[in-house]
Amino acid sequence: MCLISSISELVTGKFKINQIISIGGWVRNKRHSKLGISFINLYDGSYIYDIQIIANNTLYNYKNEILSITSGCSLKVTGQLKFSLKNKKNYEIYATKIEILGWVENPGKYPISPKKHSLKYLREVSHLRSRTTIISCITRIRHNIALFIHNFLNKKNFFCINTPIITTIDTEGSGKMFKVSTLDFENIQYKKNINIFKKDFFGKESFLTVSGQLNLETYACSMSKVYTFGPTFRAENSNTKRHLAEFWMLELEIAFTNLKNIMKFAEKMLKKIFTYFLNFHKKEITFLSNKLEKNLFYKIEKIILNKFNIIEYTEAVNILKNCKEKFLNSIIWGNDLSSEHEKYLTNKYFNNAVIIFNYPKKIKAFYMYLNDDNRTVASMDILLPDIGEIIGGSQRENRIDFLDKRLKELRLNKNHYWWYRDLRKYGTVPHSGFGLGFERLLSYITGLNNIKDVIPFPRTPYNARF
Ligand code: 4AD
Ligand code: MG
């Protein structure tokens, strides 16, 4: 007799056939036969498939309780492990005891009934949606991929640095940060030219970070190979399938490394993640292909098997200018590429992943290394078909005079960046890094094309309910 086991343990063969085990879970579905036998599909979130419980009318609470079980009830089941008579590969439990731990109030109104629900509907019940096969499947994939990334980087001798979430400086310069404050804004007395944030918790205007990069750079300039993997926040008012106000980003920073090397590393790392996903998630891929994207496996395999196309921004602009496609946004050297432009390059022109590098400095952040042409910076974006940008990175400006010039051009107060500048004053080194949007990655590999479905509780404009 064991303590509570999980379905994932059963399927990995931890227990012997005929062994008595106990399992806890929730009812997905049930069927009562006229012969006095009930078939209950139980899930516990540990595995992609439910386990069937067979309960017969000799159980002491069969009539009073078991016949009244509905979807969503929580049970503790003790019974004998058997192979299914129908399919010898499947396990079943012949119950010797079923305890109902939690009933469902008003079963007809249970929000997660066994019928099919749209992903949009499930977002309305985010607190219950992990009870569905699809969301629990995505959640396990999310867990596995995060673990794989940590292990992969550990093997490559990176150190994980937990960079702060609260910051007083902006990294990306887009001015879309959430304020962090304990000031009583309703009752505050505003006076001209008085900095009210002096009285605030941190004595300075403070924000939720848009990126851990600047802090990460300090550790790269002492521990050489580092990464951070945490939540980042952007107050962008864009309610698209690719944007969240709170998303997780994996950021890497490597000392003694230039843009070219970081591009190579990013491609290699993405391919490793994709390969791991294909090799170790066969059941999930079959399930997701049936539900969402038929060619999921081949879509990912294609990315793994082909070299990424690497082009300069200027070349990308020329391709777009000379193609026959009609775009809504005009193509002007110096402007950011819009998603329709990116999509044309990935989906049509190259029909695969593309790395675009050396963007104009005026559309990129202050910290990027200025190229000799004086108008572009050593930056790169990795674009995948359909989803677009998944990675953004650059070689960092490691020359103090260039950095100061750039801060001045962008009207950023260099005193605010004093510690960041110190890295350039004391033993500066070339260093580079990139950020991978974790939800964009998950959205791509799972085929769930709305990023809101691959994070447990999405935060988007007007939505932080759960
Ligand atoms: O290109 P971004 O803005 O780069 C940075 O933040 C750098 N500091 C990274 C670095 O060099 N250390 O963001 C990196 C990635 C994007 O390529 C995208 O995948 C994702 O983060 N991303 C978002 N994902 C979801 N919602 C949003 N609003 C996102 N904004 C960026
Ligand atoms: Mg970017």
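Ligand 1 takes up the space of the largest pocket. A pocket here is an open set of points on a 1 Å grid over the protein atoms alone, where a 1.4 Å probe fits, with protein on both sides within 12 Å along at least five of seven lines. A molecule sits in a pocket if more than half of its atoms lie within 2 Å of its grid points. The model is predicted: local features need pLDDT of at least 70, side-chain atom pairs count only at pLDDT 80 or more, and totals for chains, interfaces and linings use all residues. Side-chain values use heavy atoms, without hydrogens and water.

**Shell around ligand 1**
- The ligand is surrounded by 24 residues, each with a heavy atom within 4 Å of it.
- E172, Q213, R234, E251 and E389 are the closest.
- The shell splits into 8 nonpolar, 8 polar and 8 charged residues, with Asp, Glu, Lys and Arg counted as charged and Gly among the polar.
- Strands β12 (246-255), β16 (388-395) and β17 (431-437) each supply at least two shell residues; strands are DSSP runs (E) of at least two residues.
- β16 gives the most, with 5 residues.

- The E172 side chain has an N or O atom 2.7 Å from a ligand nitrogen.
- E236 places a polar side-chain atom 3.2 Å from a ligand nitrogen.
- At R396, a side-chain N or O atom is 2.9 Å from a ligand oxygen.
- Of the 630 Å² of accessible area that ligand 1 has on its own, the protein covers 93% (Shrake-Rupley method, 1.4 Å probe).

**Aromatic pairs**
- The structure holds 22 aromatic pairs, with ring centres within 6.5 Å.
- The F229 and F438 rings have centres 4.9 Å apart and planes at 90°, so they pair edge-to-face (over 60 degrees).
- This pair joins distant parts of the chain, 209 residues apart: F229 in strand β11 (residues 225-233) and F438 in helix α12 (residues 438-446).

Note on methods
Residues numbered from 1 in each chain as written. Chains lettered and ligands numbered in written order. Polar contact = N/O pair within 3.5 Å; in protein donor to acceptor, adjacent residues only side chain to side chain. 1 Å grid on protein atoms, 1.4 Å probe; cavity = no way out; pocket = protein on both sides within 12 Å on 5 of 7 lines; lining within 4 Å. Helix = DSSP H or I, 4+ residues; strand = E, 2+ residues; numbered from the N terminus. Phe/Tyr/Trp six-rings, centres within 6.5 Å; stacked < 30°, edge-to-face > 60°.
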